[in-house]
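Visitor: Hi, could you walk me through this one?
Guide: Happy to. Let me put it up first.

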Amino acid sequence: MLDAFLSGSGQVFAPDTLLYMLLGSIAGIVAAAIPGFTVTMAIVLTLPLTFAMDPLQGIAVMLAVYVGGYTGGLISAALLGIPGTPSAVATTFDAFPMARAGEPGRALSLGIWASFFGTVLSTVVLVLAAPPLALFAVRLGPWEYFSLIVFALTIVASLVGRSVLRGLIAGAIGLAISTVGPDPIMGRPRFDFGIEMLAPGLSFLIVLIGIFAISQLLSEVEDARSVRSGIALSTKDIEFRTWAVMREVLMRPVNLVRSSVVGVLVGALPGAGGSIANLIAYDQAKRGSKTPEKFGSGTPEGVVASEAGNSATAGGGLIPMISLGIPGSAVDAILMASLMVHGISVGPRLILDNADLVYGMFVAMVVSSFMMLLVCVVSMRAFLRVTEIPKWLIVPAVIVCCVVGSYALNNRVTDLYLLGFIGLAGYALRALDYPLAPLVLGVILGPIAETNLRRALMTDADWSLFLTRPVSLLLLIAAALSIAWVLWKHRKTTKNGEVSSP
């Protein structure tokens with residue numbers, strides 16, 4: 001074991017490997033910071049470049065892109081209110097208000113340090129608990145996955161904002177959007193109303209970019225006078241105190257560790273991913289906070305929870321891949337493909353037959369997290385200059401990035417029309433004070449819930465299995481308790497407001 005660890009470490013710490021990893025980390029951060037360019041797209045573009053490398057060197061470079069990408073989405077989420085990747089949706093809830101309140105440096109620093117510690121903690125869990133967690137994850141059937149998604153959907157109740165009814169309507173709209181296009185099992189068309197552009201369905205990323213990016217950019221240019229006068233996104237002085245923020249993150253160990261554990265557990269479930277971990281970690285932080293009413297207005301707890309949660313899925317997703325040969329996400333599937341190109345069989349014998357490779361991957365994860373931290377800290381001031389760019393320049397530039405990213409997904413011009421329609425709909429919902437987070441959550445979780453429900457019923461039509469299988473029953477009970485808790489808190493808050501009002 002020691003020999004394998006030393007061999008893997010020696011390959012990772014080779015000068016050329018470290019240089020390639022540094023370039024990969026920069027590429028991942030930059031790609032994820034551009035709305036519409038996801039971590040998966042960055043990994044796919046990196047894959048051909050690793051074919052000429054040694055197996056561990058190629059995997060190390062892709063892991064650097066992976067870790068950097070999970071952090072890069074924070075940049076546009078905090079500075080522009082637009083999640084750069086789906087796994088940064090919850091980050092916008094508090095990072096963007098904090099940046100608008102004159103603390104963009106603090107918002108970025110909180111997210112970066114939370115991402116760093118989340119990745120490191122997930123790597124520790126990966127090393128110590130990969131086999132048992134992977135065995136538990138692989139035993140879960142479609143009944144448990146459906147119940148897990150039901151529990152995740154209860155997050156809508158805590159994201160409804162000031163109106164429960166409007167929040168639930170937004171969540172229902174998201175679920176409805178997820179049903180447009182071919183069904184996930186048989187591929188039969190549905191709910192396209194004979195409109196050709198709806199036949200392929202509404203891509204989640206198109207919805208995400210339209211709802212968050214286009215609607216936010218339209219709201220930025222509502223006041224034509226401020227646009228013509230050259231007002232920037234932030235008019236306050238920028239402070240950058242990254243080491244003080246590090247202590248601030250470490251002073252919240254419960255939130256940090258809890259969010260990282262959520263990210264690891266969600267990442268270990270095949271098909272879940274950082275977007276779900278991001279939202280669940282944020283929700284759990286809000287429920288465990290003594291001041292949940294501050295969430296959504298720029299509280300540090302929300303930024304730390306969301307970024308630690310999504311970054312921890314990087315280590316969690318490797319658990320089933322290394323132990324059982326089951327990819328935890330699309331990115332993990334690409335990592336598997338990279339190993340298979342080099343003739344390495346991925347499965348239960350991977351750690352036995354290629355121990356130096358596996359231990360080298362563990363080391364590469366830690367090194368990637370330090371490189372991500374170094375790149376972000378060094379380039380932080382450059383990122384913060386975005387807030388000083390006049391609106392008349394930054395808004396069209398971001399719109400161009402959104403359009404290019406949307407078109408690059410499927411190379412369909414019709415996606416651009418959909419982007420415009422969805423952006424206008426998001427702007428209207430924002431103007432009517434409808435929360436957008438429940439809508440996006442419905443779009444994310446709807447297909448996963450439907451797929452697992454249909455798989456469960458196709459395997460066995462007995463509905464009682466959802467209640468007789470222990471893990472499924474436990475998750476459904478947790479969902480019921482989650483809804484009850486949120487409704488009780490909402491009623492209590494409303495009652496206190498009525499009592500305190502004159």
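This is a predicted model: local features need pLDDT of at least 70, side-chain atom pairs count only at pLDDT 80 or more; totals for chains, interfaces and linings use all residues.

Visitor: Thanks! What does the secondary structure of the protein come to?
Guide: The count is 22 helices and 0 strands. Helices (H or I, at least four residues) and strands (E, at least two) are DSSP runs, numbered from the N terminus.

Visitor: And how much of the protein counts as buried?
Guide: Of its 502 residues, 55% do. As for contacts in the protein with a separation of 6 or more, 79% come from residues 24 or more positions apart; contact means heavy atoms within 4.5 Å.

Visitor: Back to α4, where does it bend?
Guide: At Gly69, by about 30°. A bend at a residue is the angle between axes fitted to the seven residues ending there and the seven starting there. Helix α4 covers residues 55-80 and reaches 38 Å from its first C-alpha to its last, close to the 38 Å expected at 1.5 Å a residue. That expected span is 1.5 Å times one less than the number of residues. After α4 comes Gly81, with a positive phi near 75°.

Visitor: Where is the kink in α20?
Guide: The kink in α20 is at Leu445, about 35°, shortly before the proline Pro447. Helix α20 has 23 residues and spans 33 Å between its first and last C-alpha, close to the 33 Å expected at 1.5 Å a residue.

Visitor: How do α8 and α20 pack?
Guide: Their axes are 7 Å apart, at an angle of about 35°. Axes here are lines fitted to C-alpha atoms, for helices over the stretch in contact, and angles run from 0 to 180 degrees between N-to-C directions. On the α8 side, the residues that meet α20 include Gly167, Ala170 and Gly171, and their partners in α20 include Gly442, Val443 and Gly446. By class, that contact has 7 nonpolar, 5 polar and no charged residues. Ala, Val, Leu, Ile, Met, Phe, Trp, Tyr, Cys and Pro count as nonpolar, Asp, Glu, Lys and Arg as charged, and the others, Gly among them, as polar.

Visitor: Is Thr451 buried or exposed?
Guide: Thr451 counts as buried because its relative accessibility is 13%. This residue lies in α20, residues 437-459. Leaving aside neighbours within four places in sequence, Thr451 is in contact with Pro184 and Ile185.

Visitor: New topic: which way does the phi of Phe191 go, positive or negative?
Guide: Positive, about 55°, although Phe191 is not a glycine. Phe193 also has a positive phi of about 55° and is not a glycine. Phe191 sits in the loop between α8 and α9, and Phe193 is found in that loop too.

Visitor: Why does Phe193 count as exposed?
Guide: Because its relative accessibility is 67%. Phe191, at 49%, counts as partly exposed.

How values were computed. Residues are numbered from 1 along each chain as its sequence is written. Side-chain values use heavy atoms; hydrogens and water are left out. Buried means under 20% relative accessible area, exposed over 50%, partly exposed in between (1.4 Å probe, protein chains only).
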